[in-house]
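Hello,

Here is the structure I promised to pass on. Have a look at it first, and my notes follow below.

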Amino acid sequence: MLREAEAVVIGSGALGSSVAFHLAKAGLAPVALVDKHEIASQTSPRAAGLTAQIRQSELMTRLATMAVGKIKNFTVETGEPLIYFQSGSLKIARTPEHQQQLQRDVELGRKLGVDIDFVSPARAHQLMPFFEPVDIRAVTYVPGDLYMEPGQLPRGYAKATARLSGVLLPNTPVTGFVAEGGAVTKVITDRGEIRTSIVVDAAGAWARLVAGLASLRLGAIPTRHQLIITCPIPGVEPHQPIARVIDCNVYIRPAEGGLMLGGYESNPLQFDMANLPASFDINDLPLDVSVIHRLAGLVLDQFPIFRNITVKEHRGGLPTMTADGEHIVGPLPELRGFYVASCCCVGGLSIAPIIGEMLAEWILSGKPPIDLSPLSPSRSTVQTTAEDALREDCRRQYACHYWPKQFSDTGPTPE
């Protein structure tokens, strides 16, 4: 068992493995990547693997755009393979309000140098032949967006970390911390103690519990997300774009010769990990395919292919939501040396490459390369919200995932 490390990263999903790799790449040795389960085995491999460069804020749009660049350069940077398809993405508005949202997206993209524009219904159908432009108001196209099978990212970062003298510690639950003089000094695991001055809580659904072991608060709620992949469908090609239908929060993309469909239900299943058995694994997550059938039913006019499909795979994970819909990234000032890279709000996998790089630089230099204060673990929305209000705010952020803040007060389309 490792007894001392320059940094200990807890959680080996996309965010944790990215932080560990970038710390190791910067020269820290050893960096310990610790997980209570197998490495890269929980929510990240069950994600949709989508990128979306246009986000709700300038900061997140900049980060998402930089993350796409890092994904494209992944193999050069890490030495690990990563297959992706830069198919672009369509965003579809069926209401006047969401047509206005698309106009805002175009203006934001042009301001920040993202290639985005409106396309005609005929062009959208040409790009994605399974899309029928019925009863729609507008469609935008971002040719630079991409998708990938998600497990490649955390596995690749973890392998590259190990090759850089990092140490992978799977099946190693963290049970506590030791602090001296207001600074973290040890991580306690069920296999022994690791002396360190740098801890990164990237434990995903367990991030709140991990912070709680150090008497620190993270206002975040693990929330079930589900998707299906159909059996192969004639005519599906990998270069066909991601499609998102705003008002019903549904996404569709090619996957393994079939189509992936997922989305954000109005009343998602929320979890308190403290109430689950210590042995809980993501394979134990209860799934409900009727949720996916309801979501599919909301887009049948535009995607009639889903009237008659056979499901090849149904999977789900536990992304973690915050009350304001933003990640939690940065130091917790109550305990020096304790950092967070978690609470992905269903967008962590694709943005993990740049978050890992920036947090690593922040840890090593003492300041972030750009202003990341909107993601601060100390911001009031993730520190002071009462539990019932927190759960409701997190539910709303999930249910209105594709809606900008100025429109979200009307609530999601009922299922």
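Of the 415 residues of the chain, 59% count as buried, meaning under 20% relative accessible area with a 1.4 Å probe and protein chains only, while exposed means over 50% and partly exposed lies in between. This is a predicted model, where local features need pLDDT of at least 70, side-chain atom pairs count only at pLDDT 80 or more, and totals for chains, interfaces and linings use all residues. Residues are numbered from 1 along each chain as its sequence is written, and side-chain values use heavy atoms, with hydrogens and water left out.

The chain holds 10 helices and 21 strands, which are DSSP runs numbered from the N terminus (helices: H or I, at least four residues; strands: E, at least two).

I then looked at helix H4. Its 17 residues (96-112) should span 24 Å at 1.5 Å a residue, and the 25 Å between its end C-alpha atoms agrees with that; the expected span is 1.5 Å times one less than the number of residues. Buried in H4 are His 98, Gln 101, Leu 102, Asp 105, Val 106, Leu 108 and Gly 109. They cover an arc of only 165° around the axis, so they sit on the same side of H4; the arc is that of the directions from the helix axis to the C-beta atoms. Arg 110 and Lys 111, on the other side of H4, are exposed.

What do the buried residues of H4 pack against? Their partners are helix H2 (58-72) and strands S4 (89-93), S5 (117-118) and S6 (138-142), with contact meaning heavy atoms within 4.5 Å. Just after H4, Gly 113 has a positive phi of about 80°.

Best wishes
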